[in-house]
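Dear colleague,

I am passing this structure on to you. Please open it first, then read my notes below.

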Amino acid sequence: MAAVIPFSQALRERTWTGHSDSEGAGFMTDLMSGKGTRDDYIALVAQHYFIYEALEAAADRMKNDPVAAAFISPKLTRLPAIEEDLRFLIGEDWREQVTPLPTTARYVQRINEVAATWNGGFIAHHYTRYLGDLSGGQIIRTLMQRQFGFETNGVGFYLFGDIAKPKEFKETYRAQLDTVDWDDAERDRVIDEVMVAYRFNTELFLDLAEAKASAAA
């Protein structure tokens with residue numbers, strides 16, 4: 001009898017290609033390698049604002065859902081930090097200066113749609129964003145601090161002050177995924193939605209690159 005693969009393992013293995021594609025987008029490659037500018041970083045943070053505004057509003061709606069509630073933690077909340085980052089990076093009038101790019105608008109719409117009726121879809125987007133923030137996000141923070149001279153202002157989004165041991169937090173999160181009583185069809189749906197989230201991220205980087213090119217023309 002074949003061993004049953006834990007859902008968290010299947011999720012990671014089956015979405016790895018999408019994850020790699022997302023990270024490999026040219027805009028982020030330039031930003032991470034030192035070819036990007038401070039304005040490029042600010043543009044990325046501005047789009048994060050709209051994404052996390054939607055995701056954390058969805059989390060508030062889902063907090064009493066019997067499945068989703070296990071994954072929602074105030075330790076993960078990012079929106080106040082993003083707002084402070086934008087205030088530092090742009091100024092007090094930052095809200096008047098940021099607008100969602102087309103992909104961001106579609107991303108937000110998707111989060112709102114799935115979180116209205118489907119806890120698995122909400123968890124897919126929650127997993128994609130926050131576990132990514134706790135993993136690769138820490139590398140991004142270090143590189144941005146080095147490149148632009150940031151200390152904590154400007155990179156607060158990546159600072160999880162209430163999570164002392166990110167590795168243990170992620171392990172607990174994945175263990176919770178393994179205990180959810182989803183059948184195979186529902187697990188496939190959740191994995192497919194994670195791939196949707198990765199595609200949004202890749203397309204957002206393309207949008208950011210196009211916006212930069214248009215501004216320079």
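This is a predicted model: local features need pLDDT of at least 70, side-chain atom pairs count only at pLDDT 80 or more; totals for chains, interfaces and linings use all residues.

Where is the place of Thr-179? Thr-179 sits in helix 9.

Thr-179 is exposed, because its relative accessibility is 64% and the class begins over 50%. Its sequence separation from Leu-11 is 168 residues. In space, the C-alpha atoms of Thr-179 and Leu-11 are 14 Å apart.

Glu-151 lies in the loop between helix 8 (136–148) and helix 9. Glu-151 is exposed as well, with a relative accessible area of 65%. Asp-184 is 33 residues from Glu-151 in sequence. From C-alpha to C-alpha, Glu-151 and Asp-184 are 46 Å apart.

Thr-29 belongs to helix 2. At 38% relative accessibility, Thr-29 counts as partly exposed. Thr-29 and Phe-205 are 176 residues apart in sequence. Their C-alpha atoms are 9.8 Å apart in space.

Val-194 is part of helix 10. Is Val-194 buried or exposed? Val-194 is buried, as its relative accessible area is 1% and the limit for buried is under 20%. Val-45 is 149 residues from Val-194 in sequence. Between the C-alpha atoms of Val-194 and Val-45 there are 21 Å.

**Helix 2**

Helix 2 covers residues 26–33. Which residues of helix 2 are buried? They are Phe-27, Met-28 and Leu-31. Viewed down the axis of helix 2, these buried residues fall within an arc of 90°, so they line one face of the helix. Gly-34 follows helix 2. The phi of Gly-34 is positive, near 95°.

**Aromatic pairs**

How many aromatic pairs are there? The count comes to 13. Take Tyr-52 and Tyr-130 to begin with. Their ring centres are 5.7 Å apart. Their planes stand at 70°, so the pair is edge-to-face, given that edge-to-face requires over 60 degrees. This pair links distant parts of the chain. Tyr-52 is in helix 3, Tyr-130 is in helix 7 (residues 119–134), and 78 residues separate them. Tyr-52 is buried, with a relative accessible area of 0%. Tyr-130 also counts as buried, at 2% relative accessibility.

Tyr-127 and Tyr-173 form another aromatic pair. Their centres are 6.3 Å apart, with 40° between the planes. That pair is tilted. Tyr-127 is in helix 7 and Tyr-173 is in helix 9 (residues 166–179). The two are 46 residues apart, and here too the pair links distant parts of the chain. Both Tyr-127 and Tyr-173 are buried.

Ring pairs also build a cluster. Its members are Tyr-41, Phe-88, Phe-148 and Phe-150.

**Charges over rings**

Which ring does the charged end of Arg-189 sit over? The ring is that of Trp-118, and the distance to its centre is 3.8 Å. Arg-78 lies over the face of Phe-160. The distance from Arg-78 to that ring centre is 3.8 Å.

**The second largest pocket**

The second largest pocket has a volume of about 340 Å³. It is lined by 17 residues. Closest to the pocket centre are Asp-39, Ile-42, Ala-43, Leu-208 and Ala-211.

Which helix gives the most to the lining? Helix 3 does, with 6 residues. Helix 3 (38–62) and helix 10 (184–216) each supply at least two residues of the lining. By class, the lining has 10 nonpolar residues, 4 polar and 3 charged.

**Where to look**

For a quick tour, start at the Tyr-52 and Tyr-130 pair, between helix 3 and helix 7. Go on to Tyr-127 and Tyr-173, which join helix 7 and helix 9.

Best regards

Notes. Residues are numbered from 1 along each chain as its sequence is written. Side-chain values use heavy atoms; hydrogens and water are left out. On a 1 Å grid over the protein atoms alone, a cavity is a set of points where a 1.4 Å probe fits but cannot get out, and a pocket is an open set with protein on both sides within 12 Å along at least five of seven lines; lining residues have an atom within 4 Å of a point. Grid points are joined across faces, edges and corners, and a volume is the space filled by probe spheres set on the points. Helices (H or I, at least four residues) and strands (E, at least two) are DSSP runs, numbered from the N terminus. Ala, Val, Leu, Ile, Met, Phe, Trp, Tyr, Cys and Pro count as nonpolar, Asp, Glu, Lys and Arg as charged, and the others, Gly among them, as polar. Buried means under 20% relative accessible area, exposed over 50%, partly exposed in between (1.4 Å probe, protein chains only). The arc is that of the directions from the helix axis to the C-beta atoms. Rings of Phe, Tyr and Trp (its six-membered ring) pair if their centres lie within 6.5 Å; planes under 30 degrees apart count as stacked, over 60 as edge-to-face and the rest as tilted. A charge sits over a ring if NZ of Lys or CZ of Arg is within 6 Å of the ring centre and within 35 degrees of the ring normal.
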